Amino acid sequence: MNPTVVISSRGEDRLRGGHPWIYRADVVDVRANGGDVVQVRGPRGRTLGWALYSDRSQIALRVLKHGPSESDAAPVAETLIRNRIAAAIAFRESLAIDADAYRLVHGEADLLPSLVVDRYGDYLVVQTLSQGMDQLTPVVVSTLIDLLHPKGILARNDPRARVLEGLEQRVDVLAGTVPDTVTITELGLTYDVDLRKGQKTGLFLDQRENRTAAAAYARGRLLDCFSYHGGFALVLGRRCRETIAFDASEEAIARVKSNTARNGVAVDARVGNVFDELRGLERLGERFDTIVLDPPAFAKNKAAIANARAGYKEINLRALRLLNPGGTLVTCSCSYHVDEAAFAEIVYDASVDAHVDVTVVEKRMQGRDHPVLLGVPETYYLKCFILRKVG
Ligand code: SAH
C-alpha cells in the first residue's frame, strides 16, 4: 500500500484550483510518515495526485503531480524529480544569461516544491526546505551530477523555514569539494563569493536583470543603499560620475571594496545604517541623480506588515527628497507579504509627502531564472520599480 493522505472537500477545491499547497486544517486522515511521497485522496476516496507530506509544517502537503497514477509512489517521484530538474536546467540554458551564477531550480515555479538549486560557476548550492524534499536529496544530487558534472555541491540548509519542518539547520558538502571562496562573473564583473556564509546562497542572484535595466538610466551621482557586495553600485557605477554605497554590515562593505578594486570601478563604500545616513545626507543638503533602495525583507511575516510599511515609506520619502529633478529612483521590496499593489501605494504615499511628481518608468520583478508560478502569489516576492522624479 502506498502512503496515503485524505484531504477535505475544501482541500480538494484548492487542489483543483491549481495551488500546490494543502494546509494541515484540510487534512482528514494520514496513513504516512513525515517526508513520505504520498497518494492524495479526496473525501470520497478518489486519488487526486501525489504530494510530499510533512508531519510538522502548517503546509502538510506539497503537490508533485495532479491526477491519478497507477504506479508506486517512490519510482514516480524519482522519475518526476529527474525530469523536472532537467527541464528547469534546460530553461535556464535557453535564457542566454550574462553570468555564470544563477538559479537553476526555483521550487514551486519549477514544479519542484521546496527545492532550490543555484549555480556558482563550477559549484552548485542546494536547499531542501521540506521533509519530503529533504528525503529526496540523493535523487537531486545524483541528477545534478549526471546533468552538470559540478566540482562540488553544497547544501545550504540553514534557512529558518527548515525549523518549521522540524529539520536541522546545517551546511554540508554533498558531493566533491567546495572551496571557501568561489569566483563568479555577472554582467562582465567578477565577484568572490562565500557559499557557506554569504546571504541567501551567496549572492542576490534575483537582481541581475534589474541591475541591467537600471543601468540604462544611471548617470551623475549615484547612491546605492543596502548594497551588500555592491551588485548595483558596480553595474550602475560604470556609468556614473561618483558612487556612494551604504550597508550596515562591515563584512559586506569589505566585499564592496575588494570587488570595486578588482573590477576597476570607483565606489565610496561606507558602513552605515541607511535610515540614519539618508537623514544625514538630507541635513547636509546633498543631492543625487540616481538612487537605489534594495533593503532586506522588512516584513518577514504578516504581523510585521505595519512596521514594514513605515520603513519602506521612510526610505522612499527620503530618497525622493535627495533626488535631483529628472533623477531616477530604483526601489525594491522583497517582502512577499507586501505585494506589488501595496508597495506601489507606499511609494505613492512617500511621493505625496515629499511633494514631488513621480512617473513609473519600469515595473519589474525577480529575474527570469526565478520564475513566478501563475496562481501562486507566494512565488512573486521581489518588486523593483524604476521611477523618475519629474519635478
Ligand atoms: N542590493 C544588494 C542586496 C541587498 S540585501 C545586491 O544587489 O546584491 C540587503 C542588505 O541590507 C544586506 O547586505 C544587509 O546587510 C543590509 N542592511 C540591512 N539593514 C540595513 C540598514 N538598516 N542599513 C544599511 N544596511 C542594511
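**Close-up views of a predicted model and its ligand**

View 1. A nitrogen atom of the ligand sits 2.9 Å from a backbone N or O atom of Ala 248; a polar contact here is a pair of N or O atoms within 3.5 Å. Taken alone, the ligand exposes 580 Å², and the protein buries 88% of that (accessible areas come from the Shrake-Rupley method with a 1.4 Å probe; for residues, only the protein chains shown count as cover). Phe 226 also takes part: one of its polar backbone atoms is 2.9 Å from a nitrogen atom of the ligand. For Gln 199, look at the side chain, where a polar atom lies 3.4 Å from an oxygen atom of the ligand.

Before you go on, note that this is a predicted model, where local features need pLDDT of at least 70, side-chain atom pairs count only at pLDDT 80 or more, and totals for chains, interfaces and linings use all residues. Residues are numbered from 1 along each chain as its sequence is written, and side-chain values use heavy atoms, with hydrogens and water left out.

**View 2. Here is the shell around the ligand.** There are 16 residues around the ligand, and Arg 211, Phe 226, Asp 247, Val 274 and Asp 294 come nearest (a residue is near if one of its heavy atoms lies within 4 Å). Sorted by class, the shell has eight nonpolar, five polar and three charged residues; Ala, Val, Leu, Ile, Met, Phe, Trp, Tyr, Cys and Pro count as nonpolar, Asp, Glu, Lys and Arg as charged, and the others, Gly among them, as polar.

**View 3. Zoom in on Phe 232, a buried residue.** Find it in helix α7, residues 231–237 (helices are DSSP runs of H or I with at least four residues). Phe 232 counts as buried because its relative accessibility is 3%, and buried means under 20% relative accessible area with a 1.4 Å probe, protein chains only. Leaving out residues up to four places away in sequence, Phe 232 touches several others, including Arg 211 and Asp 294 (contact means heavy atoms within 4.5 Å). Phe 232 and Leu 293 are 61 residues apart in sequence, yet 9.7 Å apart in space, C-alpha to C-alpha.

View 4. Glu 209 counts as buried, since its relative accessibility is 16%. Not counting residues up to four places away in sequence, Glu 209 touches Arg 364, Gly 367 and Arg 368.

Technical notes: Polar contact = N/O pair within 3.5 Å; in protein donor to acceptor, adjacent residues only side chain to side chain. Buried < 20%, exposed > 50% of the residue type's maximum accessible area, 1.4 Å probe, protein only. Helix = DSSP H or I, 4+ residues; strand = E, 2+ residues; numbered from the N terminus.
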